[in-house]
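Thanks for asking me to look this over. Here are my notes, point by point, to read alongside the structure.

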Amino acid sequence: MVEESVLTDDLVRQLINVGEVDILVGLPTHNNARSVEPVVHAIQAGLLQGFPRERVVIVNADGGSRDGTPDLVTGASIDDLRRSYKGYALRTLHSISTRYANNPSARVGLRTILAAAELLRAKACAVVSPESTGMEPDWIPRLLRPVYSENFDLVTPIYRRHKFEGLLVSNLVYPMTRALYGQRIREPYASEFAFSARLGSHFLAHDPGNYDSHGSGAELELAMSAITGGYRTYQSFLGTKSQGEREGGDLVPAMRRTVGVLFSSLEANFAAWSSHAGSQPVPTLGSESQVTLESIRVNRKRLKQMFTAGVAELEPVFRSILSSTTLAELQRIATLGDDDFHYPAELWVRTVYEFAASYAKSVMSRDHIIQGLAPLYRGRIFTFLEENRSSSAEEVEKNIESLCLEFERLKPYLLEVWNTKK
Amino acid sequence: MPARLDTLWYKNAVIYQVHVRAFYDSNGDGIGDFAGLAQKLDYLQELGVDAIWLMPFFPSPLRDDGYDISDYTSVHPNYGTLEDFKKFLEAAHERQIKVIIEMVLNHTSDQHPWFQESRSSRENPRRDWYVWSDTDTWYKGARIIFLDTELSNWAWDPVSKSYYWHRFFSHQPDLNYDNPAVREQMWTLMKFWLELGIDAFRLDAVPYLVEREGTNCENLPETHAIIKELRQKLDHEFPGRMLLAEANQWPADLRPYFGNEDEFHMAFHFPLMPRMFMGVKLEDRKPITEILQQTPEIPPSCQWGLFLRNHDELTLEMVTDIERDYMYDSYARSKAMRLNLGIRRRLAPLLDNDRRRIELMNGMLMSLPGTPVLYYGDEIGMGDNVNLGDRNGVRTPMQWNGGWNGGFSVADPESLYTSLLLNPVYGYQAVNVLSQKRSEHSLLSWMQQIIRVRRSTPIFGSGLIEFLYPANHRVLAYVRQLGDETILVVNNLSSSAQAVELDLRRYKGKIPIEMFGRNLFPRVAEAPYLLTMGPYQFYWFRLRRI
């Protein structure tokens with residue numbers, strides 16, 4: 001039987017024409033015609049600024065756009081037929097595009113980019129979101145230079161964010177990843193990142209490739225592959241990330257892509273996360289975090305309502321997932337009024353860890369487990385917003401750090417519930 | 001028609017550049033001479049060249065390798081006599097080899113009697129033959145060309161206590177072309193050589209003839225007017241003779257030097273040369289196609305002079321800063337290899353003595369639109385000596401055999417005009433004409449073959465060019481067309497094997513015949529024409545409908 005390849009014949013033909021490269025920038029798209037052009041131009045300018053002599057290619061992995069996105073990407077190629085481009089390219093700057101499916105999948109998109117990078121023997125590869133319209137050209141060298149010149153294997157970004165943006169990351173993904181794997185990577189689930197050839201090849205070789213069933217979250221898996229595989233990680237401060245780029249859409253799908261992947265990783269990586277405590281900083285270019293304080297509208301009342309309703313409606317589900325102590329405490333705080341409501345960090349960490357253990361044991365449909373966590377997360381966010389309503393940037397950082405330390409302190413509890421569940 | 005064709009001889013010629021001093025010493029004084037050069041004409045005829053371009057051989061203090069002339073109507077005693085020159089010229093013509101000589105219009109040596117008179121007093125009748133000033137503040141817009149040695153384009157003359165203008169070395173004062181007597185005198189000098197029978201002049205440093213305040217003193221309309229005047233006289237009195245411009249300028253600035261077929265017949269395409277090296281190093285055709293896209297059309301009787309290397313440094317004046325940095329890092333990592341804004345190295349060392357790259361570069365030289373100019377010794381892959389000063393490292397004696405002084409001279413080695421190359425890679429015992437003549441696979445034999453193939457058709461010299469743009473940017477492909485004849489040229493600029501698909505639908509039904517081996521390739525069809533190419537490989541296909 002002929003093994004199915006993510007690379008179409010057309011893509012292979014394009015890769016032959018491009019040939020070996022030093023740098024590859026992947027651009028996964030799906031109907032991004034409205035935003036992709038400035039992103040491509042920023043990538044091009046960044047490549048010309050940062051890597052004027054290197055052989056470079058932009059690979060667009062498109063999930064079946066119907067708005068002409070791929071044409072916009074390839075139309076921006078700087079080759080010997082385009083002399084009007086204001087930047088100066090020493091050599092041809094290739095842009096190629098491939099359509100991998102009629103069904104967009106971040107995992108297939110990433111896998112296509114990884115495969116192209118491996119075939120073209122790219123020494124350093126970056127992935128950029130087509131929606132990062134605020135992207136500056138220097139993001140490209142900031143992401144790629146540590147890989148290309150300093151032999152790092154994974155570079156994740158640090159963005160300048162509003163204190164109430166990226167809450168899923170700051171309240172769950174970052175602290176839990178840090179506690180589990182011991183590295184303080186602020187954006188383990190990033191829309192922009194860079195990786196080395198060896199990390200890309202390692203991930204490609206070990207990725208199960210079940211892209212239909214997995215959905216997405218491959219970016220986070222790549223980060224965890226790097227951490228657990230002993231690859232060298234690095235962080236680069238990029239700048240302002242436009243509001244809502246990554247948080248767009250419903251919470252549950254976002255949690256599937258992040259929390260689901262994180263929980264899934266526990267079983268495979270048990271040896272890695274169970275053997276150590278604490279965490280270490282990651283080498284970082286620029287500021288380790290930047291928080292802005294301009295006003296932002298959040299409907300906190302609704303968060304609390306959804307928490308309260310969730311705790312009541314999902315009690316049968318929670319009985320299978322949570323310990324009786326934790327459930328009782330959640331039910332207690334659900335009765336509190338808005339002014340008195342407080343979802344303490346310790347209770348939140350225990351909640352998350354118990355969900356993680358249940359997820360591994362598959363006490364029920366994993367999707368239901370993630371859905372069950374959503375209202376509880378909203379309750380925790382209500383408290384976070386309340387606690388930080390008047391906080392300065394430094395105070396917000398301090399609170400996030402406290403939460404991280406709580407995740408680290410209670411890690412033995414995760415081991416305990418993990419073993420109990422087994 | 002035949003007469004008309006003959007006047008265009010330069011369009012389909014292969015020119016060989018040589019310094020008399022460096023080629024062959026017939027009298028054992030350690031310096032090459034005209035009698036020696038004449039003895040080696042059979043070699044050049046076998047190589048297949050159509051014309052010899054001689055570097056300056058006039059009396060000179062030789063502070064700039066003869067470009068500082070002190071007498072325009074004689075031969076430097078080192079190289080023989082005027083009689084020797086005439087004999088050489090006659091022998092060359094007997095072999096149907098044309099002779100191109102230098103004419104340095106812009107400046108003389110400061111030892112030239114004209115300058116000695118000019119500086120002697122402000123009242124001297126020749127005072128106005130040079131450009132004098134009481135201050136050094138004029139023409140600030142003019143760049144300094146020899147950055148490594150000169151701080152200003154003005155030099156103080158302690159004799160006449162004023163400044164004189166010089167665009168090159170300070171011992172080379174510029175002539176004043178605003179003076180009609182100077183213009184008339186220079187034409188008289190040119191006539192002297194034309195009447196002896198030389199076929200063409202390579203006019204040195206043409207853009208700088210005239211100075212005007214508020215300009216960069218290059219390519220001025222007044223300079224073009226002077227060229228037009230010379231061309232008119234040449235066509236009138238010596239039809240069929242040719243003027244070749246040395247004007248290191250961007251293509252758009254070069255175009256006016258062809259005028260309306262009333263200035264130069266030929267001009268060197270300086271910006272193309274470094275980009276050919278760049279294209280091979282980058283493994284990308286972009287630098288080459290880009291500069292040729294920027295190259296304007298020239299009148300039908302005019303021609304570009306193409307070269308890979310010459311007696312000067314590989315000039316990087318006509319590249320951007322980023323390109324110059326790249327070229328230095330790629331081809332001149334050692335500071336000793338750099339001079340002014342260029343690289344003082346020969347072809348073979350520049351290409352790491354890689355035979356495949358040397359062949360590829362020569363293949364492009366011979367097939368791009370223009371007349372190829374070969375630099376002596378490059379046909380056998382001679383090396384250089386960057387330890388010699390200025391540009392002397394690429395002007396070492398021709399290596400004829402592995403014996404005494406490389407067969408160049410019977411003089412004591414210590415009395416040669418400069419030292420021979422002795423190192424085990426490029427020394428005369430490793431690289432010489434005799435040993436390469438014995439091997440049909442030597443670089444010399446290959447050069448003879450490619451020149452023969454080029455000369456088998458006028459298409460390379462006179463045909464149109466159309467670039468193909470295959471998606472594989474490591475491949476440079478173009479079609480040359482002249483009348484019914486079509487030649488497809490495909491160059492792999494990459495160090496690795498490449499597959500390339502060419503859109504040849506326009507030539508559907510034609511059969512490509514590889515011009516070196518004369519082998520047939522599959523007939524061109526509607527589908528993209530697939531070629532696989534080895535590292536640095538190139539093909540010349542004659543597309544024939546059979």
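1. Let's begin with a helix pair in chain A of this predicted model. How do α6(A) and α10(A) run relative to each other? The axes of helix α6 (residues 167-181) and helix α10 (residues 251-268) of chain A cross at roughly 20°; angles under 35 degrees count as roughly parallel, so α6(A) and α10(A) are roughly parallel to each other. Their axes come within 10 Å, and the crossing is left-handed.

2. Do have a look at the residues behind this contact. From α6(A) come L168(A), L172(A), V173(A), M176(A) and T177(A), while α10(A) brings A254(A), M255(A), T258(A), V259(A) and L262(A). By class, eight of the contact residues are nonpolar and two are polar, with no charged residue taking part.

3. Over in chain B, please turn to the open sheet of three strands, ordered β11-β13-β12, with antiparallel pairing. The edges are held by β11 (314-315) and β12 (338-339) of chain B; each has a single partner strand, so one side of each is left without a neighbour in the sheet.

4. Which strand is joined to β12(B) by two bridges? That is β13 (residues 342-343) of chain B, and the two strands run antiparallel. Within this pair, R338(B) is found opposite I343(B) of β13(B).

5. Lastly, the two chains meet: 13 residues of chain A are in contact with 18 residues of chain B. On the chain A side, the residues touching chain B comprise five nonpolar, three polar and five charged.

Key: Residues numbered from 1 in each chain as written. Chains lettered and ligands numbered in written order. Predicted model: local features only at pLDDT ≥ 70, side-chain atom pairs only at ≥ 80, totals over all residues. Axes fitted to C-alpha atoms, helices over the stretch in contact; angles between N-to-C directions. Helix = DSSP H or I, 4+ residues; strand = E, 2+ residues; numbered from the N terminus. Parallel < 35°, antiparallel > 145°, perpendicular 65-115°, else oblique. Left-handed = near helix turned anticlockwise from the far one by under 90°. Contact = placed C-beta atoms within 7 Å. Nonpolar A, V, L, I, M, F, W, Y, C, P; charged D, E, K, R; others polar. Pairing = 2+ DSSP bridges.
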